[in-house]
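Colleague: I've just opened this one and could use a guided tour. Can we go through it together, question by question?

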Amino acid sequence: MKKSIFAFMALAATFAATSCQSDEEPTLQLTGKPMVINAVAEGIGTGTRASMAYKYDILWSEDDEIYVMSSTDHETFTLKTGQGTTNGTFECQSSPFESGDEVEAFYPASLVDNGNLVWPAQQTTSTVVPMYSKNTLGGTGTENFSFASLGAMLQIVFTTPQADVTLKSITIKDDDATMSGTFTVDENGKAGITATDKAGITLDLGEGVAVSNKIQYFNIAVPAGTYSNLSITFTAIDKSTCTLKGNVTINHNTVGKLTLTGKEFKSTFCTGKAEAKGIGKVRWVQLWDGGPKFAEFNVGVTDGKEESFGGYYCWGSSINKDSNAAFKSGTDALTGTDDTATNLWGSNWRMPTQKELAALLNQKNCICTWTENYKGTGVNGLLCTGKDAYSSNSVFLPAAGYCYGGDVRGQGNYGHYWSSTPYPYESSHADNLCFNSGDLYVSYYYCGIGISVRAVLAE
């Protein structure tokens with residue numbers, strides 16, 4: 001193809017700002033013609049990809065894209081040649097630009113989302129160093145751009161003496177600053193976050209990286225700034241965590257290196273097991289950060305199955321199906337042997353409070369849905385599933401019905417679960433979680449009715 005058909009742009013993709021040169025040649029009509037960007041990656045203290053070589057060369061990678069926009073138009077340029085080298089050729093088939101247009105260019109193109117600039121909150125080991133360039137098109141067929149870093153790279157050098165730890169993710173967050181989301185670019189080519197929700201950044205490590213007595217390097221693209229209330233949470237594949245806190249200043253256009261040692265990983269969420277009197281260890285499940293750790297099945301279950309109904313207990317009683325004969329009333333919450341879960345399962349367990357059951361209704365914590373024929377068991381009930389880091393955790397509450405006068409009614413249609421909290425306006429009633437196929441709410445029930453108890457871990 002003849003050279004005159006193309007309008008060439010040479011981009012020197014470097015983090016150091018350099019002056020741009022323009023040739024005094026007759027201008028070309030750019031609109032509607034193919035455009036080629038010859039992008040030279042000169043490299044500095046970090047690489048394009050987060051899984052970078054120790055030399056920190058900036059090497060163009062397969063499917064790399066550059067987003068170029070003017071005040072009225074935009075186009076995405078895709079790498080055609082130069083993969084794995086510092087010299088890449090990017091192309092678009094039909095240029096929307098004209099001579100004299102002021103354009104801004106962003107690498108990677110994914111930084112621009114529906115016209116907004118967005119610093120990525122979720123990153124992987126293939127995360128790029130976000131770069132930026134601004135220039136005026138001369139229309140000569142050859143344009144020189146200098147790309148500079150929009151932010152910085154935080155390099156975490158990490159190991160732990162604790163055995164058998166494989167990291168699944170690293171999350172950095174500052175209680176006083178937002179680290180991801182929408183941003184703008186100042187006159188120095190530096191990204192400034194405009195989002196205000198204090199969002200952090202999570203580096204997803206895929207299948208995991210072993211860190212036990214092994215020094216590993218992790219790289220996260222961050223906006224430059226001073227973070228005075230920073231926390232870095234390392235999450236293992238078993239969902240145990242280690243959180244380190246401190247402060248750090250990360251300068252624009254640099255690599256900030258932190259060398260950290262995780263001395264102890266704690267199973268602060270997810271799942272675990274605790275001894276229950278008479279039945280051995282019972283698995284518990286947590287659905288949100290700081291939430292209660294629910295037992296996998298109801299108190300009174302003898303086969304260990306989460307879909308089994310278990311016992312029907314009056315409030316403050318541990319006698320199954322003894323409705324209206326043995327229950328407590330008053331304004332005091334259940335504790336000690338009056339707590340059905342503690343009395344039957346031991347001190348590792350207790351009944352949930354009204355607030356803990358009500359928190360299941362908050363969709364910021366988890367999602368609860370009426371479920372029929374749970375896992376093919378033929379049992380209906382409420383399935384509550386965690387979100388984000390807890391999305392693999394769920395609790396099933398079977399619709400066990402209720403017992404009154406010794407008769408069990410409503411199995412498969414209704415679910416009622418006691419809290420340890422008395423109803424403050426009627427001494428013979430207590431708060432409980434209620435649900436059916438169309439409703440989910442926390443209300444109060446007569447203490448002499450036998451309903452289900454789902455224990456939580458006592459901590």
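Colleague: Let's start in the sheets: in which sense do strand S9 and strand S17 pair?
Modeller: Strands here are DSSP runs of E with at least two residues, helices are runs of H or I with at least four, and both are numbered from the N terminus. Two strands pair if DSSP finds at least two bridges between them. S9 covers residues 122–124 and S17 covers residues 201–210, and with 3 bridges joining them, the sense is parallel.

Colleague: Before we go on, what sort of model is this, and how are residues numbered?
Modeller: It's a predicted model, where local features need pLDDT of at least 70 and side-chain atom pairs count only at pLDDT 80 or more, while totals for chains, interfaces and linings use all residues. Side-chain values use heavy atoms, with hydrogens and water left out, and residues are numbered along each chain as its sequence is written, starting from 1.

Colleague: How many strands does the protein chain have?
Modeller: Buried residues (under 20% relative accessible area; exposed is over 50%, partly exposed in between, with a 1.4 Å probe and protein chains only) make up 50% of the 459 residues. Of the contacts (heavy atoms within 4.5 Å) with a separation of 6 or more, 64% come from residues 24 or more positions apart. The secondary structure comes to 2 helices, and the strand count is 34.

Colleague: Is Thr159 buried or exposed?
Modeller: Thr159 is in strand S13, residues 152–159. Leaving out residues up to four places away in sequence, Thr159 touches Val211, Asn213, Lys214, Ile215, Leu260, Thr261 and Gly262. Its relative accessible area is 18%, so Thr159 counts as buried.

Colleague: Why does the pair of Trp345 and Trp349 count as edge-to-face?
Modeller: Trp345 is buried at 4% relative accessibility, and Trp349 is buried at 0%. Ring pairs also link them with Phe297 into a cluster. The centres of Trp345 and Trp349 are 5.4 Å apart, and the pair is edge-to-face because the planes are at 80°.

Colleague: Which cysteines form a disulfide?
Modeller: A disulfide is a covalent bond between the sulfur atoms of two cysteines. Here it is called when those atoms lie within 2.5 Å, and the whole structure has 1. The sulfur atoms are 2.2 Å apart in the pair Cys368 and Cys384.

Colleague: Where in the chain do Cys368 and Cys384 sit?
Modeller: Both are buried, and the torsion about their S-S bond is about 115°, so the disulfide is right-handed. The pair links distant parts of the chain, 16 residues apart: Cys368 is in strand S26 (residues 366–371) and Cys384 is in strand S27 (residues 381–386).

Colleague: What is the nearest cysteine sulfur to Cys366?
Modeller: Cys366 is buried, with a relative accessible area of 0%. Cys366 is in no disulfide, and the nearest cysteine sulfur, 4.0 Å away, is that of Cys368.

Colleague: Last one: what is the strand order in the open sheet of 3 strands?
Modeller: S26 and S27 run antiparallel with 6 bridges, and Thr371 has Gly381 as its bridge partner in S27. The edge strands, each pairing on one side only, are S26 and S28 (394–398). The pairing is antiparallel and the order is S26-S27-S28.

How values were computed: Rings of Phe, Tyr and Trp (its six-membered ring) pair if their centres lie within 6.5 Å; planes under 30 degrees apart count as stacked, over 60 as edge-to-face and the rest as tilted.
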